[in-house]
Amino acid sequence: MALSKLLAASLILSFLLLQLSVDAADKSEVPTVEGDVPGPKIDCKGKCDFRCSKSSHPNLCKRSCNTCCQRCNCVPPGTSGNYETCPCYYAQTTHGGKRKCP
C-alpha cells in the first residue's frame with residue numbers, strides 16, 4: 001500500500017515537472033508584444049530624433065519613442081501617425097491605458 005502511494009506521488013511529481021519544462025520552452029520561442037522582435041536592430045536614436053522633430057515636448061517624445069523602439073525594433077515613418085506600419089509600437093500603453101508611443 002505504501003509502495004503504491006509512493007509510486008503515484010512520484011508519477012504526479014514527474015508529470016508536473018515535465019509540464020513546467022514544456023511551458024517554459026513554449027514561452028521562450030514566441031515573440032511578445034513588448035519586444036523580442038527578431039531581425040537586425042534599427043537606429044532608434046536617429047528614427048526617434050526625426051519622429052519627434054516637430055513635437056512641442058521633444059525630450060519627452062524622444063524618451064518614450066526610444067523606449068517603444070527598443071521594445072518593438074521599429075518606429076513608424078514621418079513625424080506623426082502611420083501606426084499601421086508598426087503595430088507593436090501602436091499597441092504600447094501606459095498604466096492609465098493611454099498610448100505610450102508618440
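Where do Asp49 and Lys45 lie, and how many residues apart are they? Both belong to helix H2, at a separation of four residues, or about one turn of the helix. The model described here is predicted.

## Salt bridges

In one, the side chains of Asp49 and Lys45 meet with an N to O distance of 3.0 Å. In the other, Lys62 pairs with Asp49, and the closest N and O atoms are 3.8 Å apart. Because Lys62 lies in helix H3 and Asp49 in helix H2, this pair ties together parts that are 13 residues apart in sequence.

Asp49, at 29% relative accessibility, counts as partly exposed. Lys62 likewise counts as partly exposed, at 28% relative accessibility.

## Packing of H2 and H3

Two packed helices are described by the angle between their axes and the distance between the axes. Helix H2 spans residues 44-51 and helix H3 spans residues 58-72; they pack at an angle of about 135 degrees, with 9 Å between their axes. That angle makes H2 oblique to H3. The crossing of H2 and H3 is right-handed.

On the H2 side, the contact involves Cys44, Lys45, Cys48, Asp49 and Arg51, which meet Lys62, Cys65, Asn66, Cys69 and Gln70 of H3. By residue class, the contact of H2 with H3 comprises four nonpolar, two polar and four charged residues.

## Backbone of the loop between H3 and H4

Most residues other than glycine have a negative phi. Against this background, the loop between H3 and helix H4 (87-91) deserves a separate note. Asn73, a residue other than glycine, is placed in that loop and has a positive phi, near 60 degrees. With a relative accessibility of 11%, Asn73 counts as buried, since the cut-off for that class is under 20%.

Asn82 is likewise placed in the loop between H3 and H4. Its phi is also positive, near 60 degrees, in a residue other than glycine. Asn82 has a relative accessible area of 32% and is partly exposed, whereas Asn73 is buried.

Conventions. Residues are numbered from 1 along each chain as its sequence is written. This is a predicted model: local features need pLDDT of at least 70, side-chain atom pairs count only at pLDDT 80 or more; totals for chains, interfaces and linings use all residues. Side-chain values use heavy atoms; hydrogens and water are left out. Axes are lines fitted to C-alpha atoms, for helices over the stretch in contact, and angles run from 0 to 180 degrees between N-to-C directions. Helices (H or I, at least four residues) and strands (E, at least two) are DSSP runs, numbered from the N terminus. Angles under 35 degrees count as roughly parallel, over 145 as roughly antiparallel, 65 to 115 as roughly perpendicular and the rest as oblique. A crossing is left-handed if the near helix is turned anticlockwise from the far one by less than a right angle, and right-handed if clockwise. Contact means heavy atoms within 4.5 Å. Ala, Val, Leu, Ile, Met, Phe, Trp, Tyr, Cys and Pro count as nonpolar, Asp, Glu, Lys and Arg as charged, and the others, Gly among them, as polar. A salt bridge is a side-chain nitrogen of Lys or Arg within 4 Å of a carboxyl oxygen of Asp or Glu. Buried means under 20% relative accessible area, exposed over 50%, partly exposed in between (1.4 Å probe, protein chains only).
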